[in-house]
Amino acid sequence: MLTEKDEELLSILRLNARASISDIARATGVSRTAIQNRLNKLENNNVIKGYSVVLDSAYTSGLVSANVSLKVKPNLRKPICISLRKVDQITHIHSISGEYDLLVTIQASTLEKLSDVLNLVCSTEGVERTNSSIILDTIFAR
């Protein structure tokens, strides 16, 4: 169970995963040692799995993004996900309810590259049907 300070720490890291221990301590009113201990605890308990790069919107706005719903054979779901994770342009794979089984987000530098990735996804063994939607504009993202 996370404390209020843990939640505050995670909120700061979501905004800037490179924030220094000193900056986090100052922002939360907690000592640097206490922050370091909390970080270690969160990492050891697998609450924090890693730290990542957040791309600037000036860069990402130049990418072509699409959400692709996939209908897959139930017994091949896991191997399909393992295969799709290897595709660099695939940024998210979600298990979903409804008519489709998976929702995949693709980001590519051009429509041609997006088409290549879509062809790869569609030809993956066990993928029965897809439905693609190109993302025109992002209204809100956290």
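Reader: Which residues in α2 meet which residues in α3?

Author: Ile 21, Ser 22, Ile 24, Ala 25 and Thr 28 in α2 meet Arg 32, Ile 35, Gln 36 and Leu 39 in α3, where contact means heavy atoms within 4.5 Å. The model is predicted, with local features requiring pLDDT of at least 70, side-chain atom pairs counting only at pLDDT 80 or more, and totals for chains, interfaces and linings using all residues. Residues are numbered from 1 along each chain as its sequence is written, and side-chain values use heavy atoms, with hydrogens and water left out.

Reader: What makes α2 roughly perpendicular to α3?

Author: Helix α2 (residues 21-28) packs against α3 at an angle of about 105 degrees, with the axes 9 Å apart. Axes are lines fitted to C-alpha atoms, for helices over the stretch in contact, and angles run from 0 to 180 degrees between N-to-C directions. Angles of 65 to 115 degrees count as roughly perpendicular, under 35 as roughly parallel, over 145 as roughly antiparallel and the rest as oblique, and α2 is therefore roughly perpendicular to α3. Helices are DSSP runs of H or I with at least four residues, strands are runs of E with at least two, and both are numbered from the N terminus.

Reader: How do the residues of the contact of α2 with α3 divide?

Author: They divide into five nonpolar, three polar and one charged, where Ala, Val, Leu, Ile, Met, Phe, Trp, Tyr, Cys and Pro count as nonpolar, Asp, Glu, Lys and Arg as charged, and the others, Gly among them, as polar.

Reader: Why are α1 and α3 described as roughly perpendicular to each other?

Author: Helix α1 (residues 4-15) and helix α3 (residues 32-44) pack at an angle of about 85 degrees, with their axes 11 Å apart, and α1 and α3 are therefore roughly perpendicular to each other. In this contact Lys 5, Asp 6, Leu 9, Leu 10 and Leu 13 of α1 meet Ile 35, Arg 38, Leu 39, Lys 41 and Leu 42 of α3. The residues of the contact of α1 with α3 comprise six nonpolar, no polar and four charged.

Reader: How do you know that β1 and β3 pair?

Author: Two strands pair if DSSP finds at least two bridges between them, and β1 and β3 are joined in the antiparallel sense over seven bridges. Within this pairing, Val 68 stands opposite Val 104 in β3, while the bridge partner of Ser 69 in β3 is Leu 103. The antiparallel pairing of β1 with β4 runs over eight bridges, and there Leu 70 stands opposite Thr 130 in β4.

Reader: What makes β2 and β4 edge strands?

Author: The open sheet of four strands has the order β2-β3-β1-β4, with antiparallel pairing. Strands β2 (90-95) and β4 (127-135) each pair on one side only, and these are the edge strands. The twist averages 20 degrees from one strand to the next. Helix α5 packs on the sheet, touching β1, β2, β3 and β4, and its direction makes about 165 degrees with that of β2.

Reader: Why is Ile 106 called buried?

Author: Buried means under 20% relative accessible area, exposed over 50% and partly exposed in between (1.4 Å probe, protein chains only); Ile 106 has a relative accessible area of 0%, and is therefore buried. Ile 106 is found in strand β3, and its contacts beyond four places in sequence include Val 64, Ile 90, Leu 114 and Val 121.

Reader: Are Thr 124 and Ser 61 buried or exposed?

Author: Thr 124, in the loop between α6 and β4, has a relative accessible area of 13% and so is buried. Ser 61, in the loop between α4 (57-60) and β1, counts as exposed because its relative accessibility is 58%.

Reader: Which residues touch the most other members of the largest nonpolar core?

Author: A nonpolar core is a set of buried Ala, Val, Leu, Ile, Met, Phe, Trp, Tyr and Cys residues joined through side-chain atoms within 4.5 Å. Of the 19 residues in the largest one, Leu 70, Leu 84, Ile 90, Ile 106, Leu 114 and Val 121 touch the most other members. The elements that give two or more residues to this core are β1 (64-72), α5 (77-85), β3 (102-108) and α6 (111-122), and β1 gives the most, with five residues. Apart from this core lies another, of 12 residues, among them Leu 9, Ile 12, Ala 25 and Ile 35.
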